[in-house]
Amino acid sequence: MTASAGPRHAMPPSTTYAVETHGLRKSYRTRRGRLMAVAGLDLMVPAGGVHGFLGPNGSGKTTTIRMLLGLIRADAGDIEVFDEYVPTRLPDVIDRIGAIVEQPKFFPSFSGHKNLQLLASGIGAPAARVGRVLEEVGLGDRARSKYRTYSLGMKQRLAIAATLLKDPELLIFDEPTNGLDPAGIHEIRATMRGLADSGKTVLVSSHILSEVQQVADTVSIIGRGRLLAQGAVDDILDAGSQESARVGIADPARAATVLAEAGFAVRSLPDGMLNVAAGPRAGQSATDLDLAQITRLLAEHQLYVFELTPVRADLESVFLELTAEDHLGATSRAPQ
Amino acid sequence: MIRLIGAEINRLRSRRFTHIALLAVLMILSIFQLQVNSDVNPPSAEAVAANQAQYERDLKEWEQHHEEWEQQCVDAGQPREQCAGVAPTKENYGLAAVPFSEIAQIGLRLAIYLTGLAMFLVAASFIGAEFTTGAIANWLSFVPRRVSVFASKLITVATFALLVSVLASAFVLGMAALLTSVHGGEVSGLHARLSMAGRGVAVAGALAVVGYCVGLITRHTAAALGVLLGYLFVWFIRNAVLGEQAWAQRLTPWSPEANLAAIVDNGYRYAIPVKKLTEGGLSVEYLERHVSLVHGAVYWTVLLAGLIIVALLIFRRRDVT
């Protein structure tokens, strides 16, 4: 598959979308020429559930989110949020959107409470709501402390509290777990899942794929500002990557030779086990590994398996496969 | 819009920089009242006698020697017009208390320019801090109507400057009147001083608008301060280094500070040096010119309108990262 052939998967036609972009483009002028940050992105975020927006650093995730929020202007393309064009009609839907872009940015010399109070008065949210959302995110005790004294996790939680001031239908979190400890990451994940379960749409961007896999219902994977794959997580995992098996055997070196001669792709693992995938001459499709064939083949050579575990692809492997196919990584410079 | 202005007022009055600026203005104006108290207090009979004697000595000496001093100056190569000395005047010898009108004028000038400078910095810092902390991105993701956001911040800082300037002028005028009365002086010419205070309030508001626009365009308080210092440098070059250059002084009617002074003082006088070659050598004549209040008001109206439009266009178009 090539990048020009379009993304690998698509959403079902009946899906309704909270966010849609078509042919979205954005480039920046730099000293070394133009930097193409987003290159014709067609993004579809279904309404309801958690949608992972994945890509390596510099792939255009934050730029896209900023365009969704009207913070930066697109060079070309359309953005629709809840069927309203952005940025023209953004003021009509902004009350339905809550967002954290990159690191939370508040006034450092004001307390968390004061920062939220300012936002609440700006959008007309009741003042009592400030205390409530601070309690909700567990910042009630530190609400009156200056923002600059907060830890990174507390800052993230304050940003989440800010998004909840509006009771939005769409929440956009850009790398929300950056710098958090495992407990903080777990907490954010649980918050996102909880919001989605209550009927909201959560768009979460991340480059930590394993983390998103645990919480997302659907994902979009981008590289170099282009869409590489999009759809339900299960569909992407099922169709997106080669299936393999973990094989435990007493004589792994001989077993590897036998399997390789039969056309399987064999890789030794650090714990002495083998990773076996269907190779080009194994007579199988890349995604349809026949475990029985492996046991039969090895038994015919008096090699007896003591462990055979199918290994399902994860998002990371799918992503690596996609980017390897397209030679895509971080954002690159466009031709001059 | 009212909601946004409410939020901006809340932020402005919670800022430490605002408190520091207000405190600095209050302190300087309070200290100045010591000078006012001293000036409006009529001197004692002994002091008057001593000052009168000193005045008479100086006048006599000037009458005896001023032609000689002038010739020495001309012989040293200076133009005759520049060598003409001025006879001592009684007003400079503290023979009587400074009248209310005069001390109020000095106080108002101080209050107007001090408040204007403080409001420039408060306004520049108010918007500059939003860009340096990145909080503007957060704010715009809640309130994406950029024109409303721009206007609410501008209205807030301008209104605040007007209010502070009214209070500062009232304080200065009130204290001058009080101290003059306490020392038995007559409070006269109040109408002219009230007019000056009114014009000064407008000047403080204008400088706050300039601070806001410069802070928004440069996106940093320090950069806005740099622009101000840069302008002062240009002012110094034009008035000190190029003070005797006619072309540099002809620019005066188009300089912001001359027009500002024309508003504050109900007109501004300046001189253009014109060099002439005479039989006695090179001589310089000074042609007196005048920048009127109307000129100053129109100039600043156009300047502010242009600055606001440019700042708004930049704010509307600029990517916020």
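Colleague: In what order do the strands of the open four-stranded sheet of chain A run?

Modeller: This is a predicted model, so local features are taken up only at pLDDT of at least 70. The sheet in chain A is open, has four strands and pairs in the antiparallel sense. Its strand order is β13-β14-β12-β15.

Colleague: Which strands stand at the edges of that sheet, and why?

Modeller: Each edge strand has a single partner strand, so one side of each lacks a neighbour in the sheet. Direction ignored, neighbouring strands of this sheet are turned by 25° against each other on average. The edge strands are β13 (265–268) and β15 (305–311) of chain A.

Colleague: How many bridges join β12(A) to β15(A)?

Modeller: These two strands run antiparallel. Ile249(A) stands opposite Val305(A) in β15(A). The number of bridges joining β12(A) to β15(A) is six.

Colleague: Which residue of β14(A) does Ser244(A) stand opposite?

Modeller: Strand β12 (residues 244–249) and strand β14 (residues 274–277) of chain A run antiparallel, joined by four bridges. Val247(A) stands opposite Leu274(A) in β14(A). For Ser244(A), the residue opposite is Ala277(A).

Colleague: Which residue takes a positive phi in the hairpin of β13(A) and β14(A)?

Modeller: Four bridges join β13(A) to β14(A), and the two run antiparallel. Ser268(A) stands opposite Leu274(A) in β14(A). Five residues lie between the strands of the hairpin. The one with a positive phi near 90° is Gly272(A).

Colleague: Which helix lies across β12, β14 and β15 of chain A?

Modeller: Take helix α9 (residues 252–261) of chain A: it lies across β12, β13 and β14 of chain A, at about 160° to β13(A). The helix you ask for runs at about 155° to β15(A). It spans residues 291–300 of chain A and is α10.

Colleague: What is the strand order of the open six-stranded sheet of chain A?

Modeller: The pairing in this sheet is mixed. Its edge strands, each pairing on one side only, are β7 (97–100) and β11 (226–232) of chain A. Neighbouring strands are turned by 15° against each other on average, direction ignored. The order is β7-β8-β9-β4-β10-β11.

Colleague: What is the bridge partner of Asp174(A) in β9(A)?

Modeller: Strand β8 (residues 170–174) and strand β9 (residues 201–206) of chain A pair in the parallel sense. Five bridges make up that pairing. The partner of Asp174(A) is Ser205(A).

Colleague: What angle does the direction of helix α1 of chain A make with that of β8(A)?

Modeller: Helix α1 (residues 61–68) of chain A packs on the sheet. The strands of chain A touched by α1 are β4 (49–54), β8, β9 and β10 (218–223). With β8(A), the angle is about 145°.

Colleague: Now chain B. Why do α8(B) and α9(B) count as oblique?

Modeller: Helix α8 (residues 190–218) and helix α9 (residues 221–241) of chain B have their axes 8 Å apart. They pack at an angle of about 120°. That angle makes α8(B), relative to α9(B), oblique.

Colleague: What is the handedness of the crossing, and which residues of α9(B) make the contact?

Modeller: The crossing of α8(B) and α9(B) is right-handed. From α8(B), the contact residues are Gly211(B), Val214(B), Gly215(B) and Thr218(B). Across the contact of the two helices, four residues are nonpolar, four polar and none charged. On the α9(B) side, they are Thr221(B), Ala223(B), Ala224(B) and Val227(B).

Colleague: Is Val147(B) buried or exposed?

Modeller: Val147(B) lies in helix α7 (residues 146–182) of chain B. Setting aside neighbours within four places in sequence, Val147(B) is in contact with Leu312(B) and Arg316(B). Val147(B) has 11 inside 10 Å, so Val147(B) counts as exposed.

Colleague: Which elements of chain B give two or more residues to the side that touches chain A?

Modeller: In the contact between chains, 23 residues of chain B meet 25 residues of chain A. The chain B side has ten nonpolar, eight polar and five charged residues. The elements giving two or more residues to that side are α1 (2–14) and α6 (135–142) of chain B.

Key
Residues numbered from 1 in each chain as written. Chains lettered and ligands numbered in written order. Predicted model: local features only at pLDDT ≥ 70, side-chain atom pairs only at ≥ 80, totals over all residues. Axes fitted to C-alpha atoms, helices over the stretch in contact; angles between N-to-C directions. Parallel < 35°, antiparallel > 145°, perpendicular 65-115°, else oblique. Left-handed = near helix turned anticlockwise from the far one by under 90°. Contact = placed C-beta atoms within 7 Å. Nonpolar A, V, L, I, M, F, W, Y, C, P; charged D, E, K, R; others polar. Pairing = 2+ DSSP bridges. Buried ≥ 20, exposed ≤ 12 C-beta atoms within 10 Å, placed from the backbone.
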